[in-house]
Amino acid sequence: MNFTPLDWAIVGIYLLLSVTVGVLARKYVGGVADYLVAGRELGTYLGIATLAATEIGTITFMYNAEFGYRYGFAAFLPALISGVVMIVVGRTGIVIARFREMKLMTVPEFFEKKYSRGLRLLTGVLVAVGGILNMGVFLKIEGEFLTIVSGIDIKYLVAVMTAILLLELTYTVVGGMVAVVVTDFVQYALLSIATILVSIFAVYHAGWANMVDKVAHTLGSAGFNPLENPKFGWSFLFWQILLWFSVHTCWQTTAMRMFSTRSPETSKKVMTWTGFIFLGRGMLPMIWGIAALTLFGTGPLLAGSPVPVVNGHTLAPIDAMPAMLAQILGPGIKGIVVAGMLAATMSVNSSYLLGWSAVISQDIVLPLRQIMRKPPLSSRRQIFVNRLANLFVSLFLMFWGLYYTPPGAVYLYLNITGTIFLAGAFACVLGGLYWKKASTTGGYLAMILGATGAIFPFFFFHWSENVTGFAAFGLAAAGLLLGSFLKPRQLAANSAGGFP
């Protein structure tokens with residue numbers, strides 16, 4: 001075992017504190033608005049902490065470190081794009097301010113207000129499918145991190161995954177967004193400490209000059225210039241810009257933080273300042289990956305072939321960073337770092353569980369009941385349906401995490417699964433908010449073509465992620481334009497939430 005009793009004590013105290021605080025937050029949940037959007041009372045500072053914690057998890061560190069390990073300093077490109085785009089969205093208020101003014105609780109809810117109930121239902125299905133597939137690899141990768149760093153035998157990976165999931169469910173199901181926000185604040189503080197410690201130790205042990213030399217020797221100019229790297233290029237650049245604009249405006253868990261703020265102006269401030277955190281969110285773990293490359297060498301790992309590195313574990317490229325931490329961190333420090341990573345894991349996963357379950361309950365179950373002319377559910381019953389959806393999503397995550405392995409870099413897999421709904425959603429949201437001629441027919445075509453363009457080329461025809469992602473956004477935009485011109489918007493039908 002890599003862990004000492006001191007390390008286990010630090011992790012145990014953190015877990016007890018986090019779950020206790022989350023469960024106690026239950027008393028502040030009065031209705032469905034409290035459960036899903038914390039009563040829309042988030043201020044700027046708490047909003048920044050919870051948004052940052054929501055989008056910075058162990059999975060974030062793992063896939064960004066793998067990206068740095070595989071592609072060197074050229075991997076900084078998506079990190080820079082994500083942060084800069086977030087700052088632009090915050091400063092301009094594009095989409096997010098209008099969303100907050102509409103007092104939404106989910107992104108697909110917008111589709112009924114601007115298009116039709118049927119399109120809301122279709123969007124809800126695509127958001128749920130894309131989001132759950134996206135989250136499906138989280139548990140296994142997070143479990144691998146914990147087993148490698150702590151020294152737990154790999155045969156206990158399923159037990160570790162189950163324990164993580166149960167801890168997250170305990171307070172997410174009980175306290176909803178209130179519990180998530182409160183625990184996020186605690187988790188963000190611990191996460192920040194762990195991030196600083198790992199950055200210092202990684203650079204100290206690898207040496208900055210050695211890291212630069214290693215990338216130059218291994219990858220050449222392609223390790224520094226993304227436009228010269230065959231994995232990136234111009235198509236990757238444009239796709240990432242479109243992707244991150246859609247993530248920061250239409251990604252359910254991010255949008256829920258904007259819905260939870262006190263005002264549109266508060267949402268703009270939260271988004272702007274979190275954008276600066278996003279720059280470090282990507283680049284710091286990429287530096288850890290480059291440090292792992294420097295310490296472990298290249299060969300089999302870079303080629304994608306697993307190689308034994310530590311404690312008898314057979315490791316893939318995404319495991320290089322935790323293998324490095326298992327070797328360079330000492331007692332006590334290792335416990336703090338693992339507690340910080342657990343904080344990151346729990347904050348992200350609890351928010352994602354709540355986000356996707358909210359879509360299932362609010363945008364699939366409720367619209368179906370309305371279409372079948374069933375009586376509306378009370379606030380208490382809506383919360384109950386949300387909790388059932390949480391359990392359903394959790395069971396799927398366990399199954400998918402155990403049996404599916406992404407074919408390449410995890411970062412790119414997450415991008416593609418998100419694009420399943422983001423391509424169409426972004427086109428429809430921009431059209432619905434800023435183009436008067438956007439019609440329901442155009443919305444249907446945008447969502448269908450965007451999802452088709454993401455699913456079939458990648459999962460069935462094995463196209464590159466760059467081409468697949470860029471094509472999906474292009475098809476979605478073309479669908480919205482074509483459908484809106486072929487069948488213009490019918491205001492009377494849309495205002496009643498009718499079908500096209």
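I looked up Thr 254 and found it in helix H13, residues 252-259. Helices here are DSSP runs of H or I, at least four residues, numbered from the N terminus. I am working on a predicted model, where local features need pLDDT of at least 70, side-chain atom pairs count only at pLDDT 80 or more, and totals for chains, interfaces and linings use all residues. Residues are numbered from 1 along each chain as its sequence is written, and side-chain values use heavy atoms, with hydrogens and water left out.

Next I checked burial. Thr 254 has a relative accessible area of 2%, so it is buried (under 20% relative accessible area, 1.4 Å probe, protein chains only). Then I listed its contacts (heavy atoms within 4.5 Å). Setting aside neighbours within four places in sequence, I got Leu 51, Glu 55, Val 247, His 248 and Met 271.

I then searched the whole structure for aromatic pairs and got 27. Rings of Phe, Tyr and Trp (its six-membered ring) pair if their centres lie within 6.5 Å; planes over 60 degrees apart count as edge-to-face. Tyr 71 and Phe 232 are edge-to-face, at 5.2 Å centre to centre and 65° between the planes. Tyr 71 is in helix H4 (58-71) and Phe 232 in the loop between helix H11 (208-219) and helix H12 (234-250), so this pair ties together parts 161 residues apart in sequence. Both residues are buried.

Phe 73 and Phe 76 also pair edge-to-face, because their ring centres are 5.7 Å apart and their planes at 85°. Phe 73 is buried at 11%, and Phe 76 is buried at 17%.

Last, I noted one aromatic cluster: Tyr 63, Phe 67, Tyr 71, Phe 232, Phe 236, Trp 239 and Tyr 411.

Note on methods
Helix = DSSP H or I, 4+ residues; strand = E, 2+ residues; numbered from the N terminus. Buried < 20%, exposed > 50% of the residue type's maximum accessible area, 1.4 Å probe, protein only. Phe/Tyr/Trp six-rings, centres within 6.5 Å; stacked < 30°, edge-to-face > 60°.
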